[in-house]
Amino acid sequence: MFRIGHGYDIHRTVPGRPLVLGGVRFECDFGLDGHSDADCLTHAICDALLGAAGLPDIGHFFPNTDPAWKNADSQLLLRAVVAELNQAGFTPVNLDATLIAERPKIAPHLAAMKAALAASAGLPVNAVGLKATTNEGSDDIGRGLAIAAHAVALIRKN
Ligand code: MG
């Protein structure tokens, strides 16, 4: 039995924080604001997986009021989400995500991001789809004020 889920996340850009997307740290003069490392791509994937399993969202499992998740590596969150899925009797099958960022250039890092996400999700690299696009200068994402991500996940019942 297969089930699908969808996830979305957005974080504002801020100076003075490291930029981490899909588990990869970018050389960049800004990062994302948030309680954890603010990796919106990984958060969207977490929510897609949790949604597919009919579980509560990422904020339920890792509340931004909990000091334990302050500056947390979101790959640890993704690994914990997969453990929750396993506990509920599900296994991830594949992921597909779109990152929306005006800058920095994402393309040179796509392979590393896919590898990191696949490792955290316990999937082969060819089961992780990842695209990056811009918002063509429109809205806050287009002006570089935020970075967002959409994700879908397929899981199967064990
Ligand atoms: Mg988030």
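**Exposure, sheet and helix packing**

Visitor: What relative accessibility makes Asp139 count as partly exposed?

Guide: Partly exposed is the class between buried, under 20% relative accessible area, and exposed, over 50% (1.4 Å probe, protein chains only). This is a predicted model, in which local features need pLDDT of at least 70 and side-chain atom pairs count only at pLDDT 80 or more, while totals for chains, interfaces and linings use all residues. Residues are numbered from 1 along each chain as its sequence is written, and side-chain values use heavy atoms, with hydrogens and water left out. Asp139 is placed in the partly exposed class by a relative accessibility of 35%.

Visitor: In which element is Asp139 found?

Guide: Helices (H or I, at least four residues) and strands (E, at least two) are DSSP runs, numbered from the N terminus. The phi of Asp139 is positive, about 55°, although the residue is not a glycine. Most residues other than glycine have a negative phi. Asp139 is found in helix 5.

Visitor: What is the relative accessible area of Glu136?

Guide: Glu136 sits in the loop between strand 6 and helix 5 (139–142). Its phi is also positive, about 55°, and it is not a glycine. Glu136 is classed as exposed because its relative accessible area is 71%.

Visitor: Where is the cis peptide bond from Arg103 to Pro104, in terms of the place of Pro104?

Guide: Most peptide bonds are trans. The bond from Arg103 to Pro104 is cis, with omega near 5°. Pro104 has its place in the loop between strand 5 and helix 4.

Visitor: How many bridges join strand 5 to strand 7?

Guide: Strand 5 covers residues 90–100 and strand 7 covers residues 146–157, and the two run antiparallel. Phe90 has Lys157 of strand 7 as its bridge partner, and Asp96 stands opposite Val152 in strand 7. The number of bridges joining strand 5 to strand 7 is 10.

Visitor: Which residue of strand 6 is the bridge partner of Thr98?

Guide: Strands of a sheet pair through backbone hydrogen bonds, either parallel or antiparallel. Strand 5 and strand 6 run parallel and are joined by 6 bridges. The partner of Thr98 in strand 6 is Lys131.

Visitor: How many residues in the contact of helix 3 with helix 4 are charged?

Guide: Helix 3 (residues 74–87) packs against helix 4 at about 35°, with axes 8 Å apart. Helix 3 contributes Gln75, Leu78, Arg79 and Val82, and helix 4 contributes Ala116, Leu117, Ala119, Ser120 and Ala121. Ala, Val, Leu, Ile, Met, Phe, Trp, Tyr, Cys and Pro count as nonpolar, Asp, Glu, Lys and Arg as charged, and the others, Gly among them, as polar. The contact holds 6 nonpolar residues and 2 polar ones, and the charged count is 1.

Visitor: What distance separates the C-alpha atoms of Ile10 and Ala38?

Guide: Ile10 lies in strand 1 and counts as partly exposed at 38% relative accessibility. Leaving out residues up to four places away in sequence, Ile10 touches Cys40, Ile141, Ala146, Ile147 and Ala148. Ala38 is 28 residues from Ile10 along the chain, and the C-alpha separation is 8.9 Å.

Visitor: How far apart in space are Leu55 and Glu84, C-alpha to C-alpha?

Guide: Leu55 belongs to the loop between helix 1 and helix 2, and its relative accessible area of 25% makes it partly exposed. Beyond four places in sequence, Leu55 touches Leu50, Phe61, Glu84, Leu85 and Ala88. Leu55 and Glu84 are 29 residues apart in sequence, and their distance in space is 8.7 Å.

Methods: Pairing = 2+ DSSP bridges. Contact = heavy atoms within 4.5 Å. Axes fitted to C-alpha atoms, helices over the stretch in contact; angles between N-to-C directions.
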